[in-house]
Amino acid sequence: MNSDERFIELWNDYLEGELDESGIAELQAIVAGDDRLLRMAADSYQIHRLLGLIAQDSASRQEDFVSATLARLPADDAHFVDGVMQHLPQGSPRKGTTVRMLLAKWRMAIAAAAVVALIAGVVFLRPKSELAIVRITELNGAVQWTGDGGQVVPDLYVGRALRGGTLESLSADSWADLKFRDGSTVTVSGQSVLTISAHQQKELHLRVGSLSASVMPQPDGKLMLIHTPTARLEVLGTQLNVEAEPSSTMLSVNKGRVRVTRLVDGSVTEVPAEHQVVASVDRNAELKVTRRPRPVTAWQSDLPTDGLYGKWLPELGDSNGSLGTAPMLWGCHEKPITLYLVALSVSRSRPTPVLLTSGGKFRIRGQIESAGNVYFGLTTRQVKGGFAGKFLVERHFNVVEETGQFVDIELRLEDFRPQEKELTEKFPDKFPDSPIGLELVDWWCCTVNEDAGLRITHVELDADIIEPEAGPD
Amino acid sequence: MMTRKASTNDSLVDDAIRSVRKGNTAAFEVVVRQLERPLRAWLAVQTPPGVDVDEVAQRSFVAAFTRLRDYELGTNFAAWLFTIARFHLRTEVSRLRRVADYHVRYAPDLLQRELERRSSEPPDLQQARLEHLQTCLGRLGEHLRRFIKWRYAEEISLEEMAARSGRSVAAVKKQLWKLRRELYACVEARIAAEGEPS
């Protein structure tokens with residue numbers, strides 16, 4: 001192979017992010033001795049960057065940039081904030097949003113509040129940063145970032161580069177997609193806390209919550225590491241889903257292979273594709289790898305075990321108890337939003353995938369004390385795949401039942417709509433417009449800014465069709 | 001050096017700056033909207049790997065805003081902004097150089113120096129390159145343009161590209177190399193033709 005051919009090979013690997021340190025050194029040596037190749041490299045690099053710019057170019061990207069820039073300007077009076085924000089289109093900036101029907105009403109207030117906080121000095125205290133590790137590629141709901149020496153950044157936006165730090169997805173309806181420089185992607189969803197670092201290799205610490213990762217093949221000796229409170233996962237290149245809680249970690253591997261170390265006793269196992277394992281703090285429990293069970297199409301809540309968020313009320317009428325909404329404050333700005341929220345895990349009491357099928361219905365039994373809108377939501381993922389978006393349906397309750405009386409609610413799966421419609425339009429394969437055909441991850445309901453005294457005693461999913469025959473035995 | 005027509009509306013920008021100086025600071029949005037694309041295009045081709053283009057661009061706009069009283073109306077705000085951006089870029093690159101293993105991990109030192117050398121090119125040349133590149137892309141056959149779409153818009157892996165196209169990963173890498181070279185040649189030919197007397 002002559003030096004031109006070798007240069008092309010190394011240069012292509014460099015642009016693809018696949019060149020290791022010795023390769024970079026070799027590339028450096030080749031171009032050091034040949035000005036022609038150096039110019040060729042720079043020409044190629046500049047075209048590469050412009051192609052990237054063209055690919056990213058979109059109206060929403062411009063809006064993100066403009067709004068983020070304006071938010072960083074120092075203000076000389078309060079009119080500045082209102083003035084700037086009134087100029088921005090309703091749909092931008094595409095920052096975190098919560099229940100979408102509410103958002104039109106609240107977005108301006110949230111954006112303005114965020115600017116006020118920034119003007120107070122948050123942005124201008126930004127310390128010098130290190131190299132970006134990940135970039136936010138999609139974002140929804142209450143998500144905040146703590147990085148750079150503890151600086152809390154609530155005003156995240158799509159496209160923002162992040163260095164080492166902690167990402168918190170704060171609510172049932174919130175999630176964030178992150179992309180590493182090598183194309184590996186990670187999605188955190190629901191109430192999740194994820195710390196990201198990349199010194200010698202990519203390292204994630206999922207303190208609690210749900211994570212989906214599609215990991216590009218990693219260099220030898222530099223596997224991606226995912227730490228949870230109860231396990232350490234070594235990932236070479238794969239698609240996986242993790243749910244972490246203080247006392248257990250549930251790992252499902254869809255592609256590739258993941259090595260799992262259970263922290264309580266150091267026992268190690270490997271999880272191949274289409275298998276799963278639960279690593280708990282119980283050292284007497286077997287660290288057993290099992291083939292992913294066939295999905296079921298029906299599900300019933302097991303309260304209070306399944307409760308992810310809410311307030312457990314031991315007795316309600318003739319039921320054994322109920323999960324009442326608990327307040328969750330979003331933002332520390334002038335006009336914060338309070339969600340009164342109940343969230344349930346679908347996998348906590350039974351690690352069997354739940355498939356959402358045509359004709360399926362949720363039946364919810366509970367109590368509501370005052371009239372108003374209630375938002376019901378689902379988190380989904382692709383069958384044998386990663387995060388597939390969140391879906392919502394709204395119900396208005398006009399008649400308030402007498403205290404102690406239950407309400408029965410029926411919600412058809414066909415009535416659920418994507419929480420972020422623009423994402424569905426942009427990436428229909430990744431974020432379908434219907435939850436049908438997807439796996440259910442969690443379920444929640446909430447009211448906004450009004451505590452309607454909502455309590456849930458039972459949730460079930462019924463399907464009209466029989467369990468699918470396809471799937472692993 | 002050839003002269004190019006301004007890609008931004010200078011009078012619109014100056015009107016907005018007058019308005020900002022009178023206290024209507026929200027008018028700075030007009031400035032950002034007019035200049036964000038050329039500034040990001042210029043930064044994209046000057047910055048070595050590891051530099052966040054949007055971050056430098058935003059810092060440049062903020063710096064220009066805070067020093068707006070130093071700008072003399074009618075003297076080309078875009079040029080003034082690019083001078084500020086060049087300063088911010090150098091600061092960022094200097095900082096990166098001090099990161100111990102930056103060159104080992106991210107960028108061959110010589111590439112960075114070559115990019116720096118090119119940073120003296122007129123900023124609007126990069127905007128023109130961007131526009132010509134879009135034209136050149138449009139002239140590629142669909143069977144070739146799909147590789148660019150996969151790589152830059154969909155950002156799929158080389159393995160996925162190989163699977164979709166029925167070629168080997170090595171062949172896909174070569175195809176991308178060839179396409180970048182062809183697009184570069186197309187852009188430079190159009191730039192050169194633009195500079196010739198009609």
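How far apart should the ends of helix H1 (residues 10–21) of chain B be, at 1.5 Å a residue? The 12 residues of this helix should span 16 Å, and the end C-alpha atoms are 16 Å apart, which agrees. The model is predicted.

**Helix H1 of chain B**

B:Val13, B:Ala16 and B:Ile17 are the buried residues of H1(B). Seen down the axis of H1(B), these buried residues fall within an arc of 100°, so they line one face of the helix. B:Ser11 and B:Arg18 are exposed on the other side of H1(B). Just after the helix, B:Gly23 takes a positive phi of about 115°.

Chain B has 10 helices and zero strands. Its 198 residues are 38% buried. Take the contacts in chain B between residues at least 6 apart in sequence: 65% of them join residues at least 24 apart.

The contact between the chains takes 47 residues from chain B and 46 residues from chain A. On the side of chain B that touches chain A, the elements giving two or more residues include helix H2 (28–46), helix H3 (53–66) and helix H10 (169–195) of chain B. H2(B) gives the most to this side, with nine residues. By class, the side of chain B that touches chain A holds 25 nonpolar, six polar and 16 charged residues.

**Helix H3 of chain A**

Helix H3 (residues 35–56) of chain A has 22 residues. From first C-alpha to last it reaches 32 Å, close to the 32 Å expected at 1.5 Å a residue. Its buried residues include A:Ala41, A:Tyr45, A:Ile47, A:His48, A:Arg49 and A:Leu53.

**Strand S30 of chain A**

The table lists three of them.

| Partner strand in chain A | Bridges to S30(A) | Sense | Residues standing opposite |
|---|---|---|---|
| S17 | two | antiparallel | A:Trp299 and A:Leu461 |
| S20 (residues 322–324) | two | antiparallel | A:Gly324 and A:Arg455 |

**Backbone exceptions**

Most residues other than glycine have a negative phi, and most peptide bonds are trans.

Which peptide bond is cis, with omega near 10°? The bond from A:Leu303 to A:Pro304 is. A:Pro304 lies in the loop between strand S17 (299–300) and strand S18 (307–309) of chain A. S17(A) is also one of the strands joined to S30(A) by two bridges.

A:Glu274 is not a glycine, yet has a positive phi of about 65°. A:Glu274 is placed in the loop between strand S14 (268–272) and strand S15 (275–280) of chain A.

With 15 C-beta neighbours inside 10 Å, B:Asn76 counts as partly exposed.

Key: Residues numbered from 1 in each chain as written. Chains lettered and ligands numbered in written order. Predicted model: local features only at pLDDT ≥ 70, side-chain atom pairs only at ≥ 80, totals over all residues. Helix = DSSP H or I, 4+ residues; strand = E, 2+ residues; numbered from the N terminus. Buried ≥ 20, exposed ≤ 12 C-beta atoms within 10 Å, placed from the backbone. Contact = placed C-beta atoms within 7 Å. Nonpolar A, V, L, I, M, F, W, Y, C, P; charged D, E, K, R; others polar. Expected span 1.5 Å × (residues − 1). Arc of directions from axis to C-beta. Pairing = 2+ DSSP bridges.
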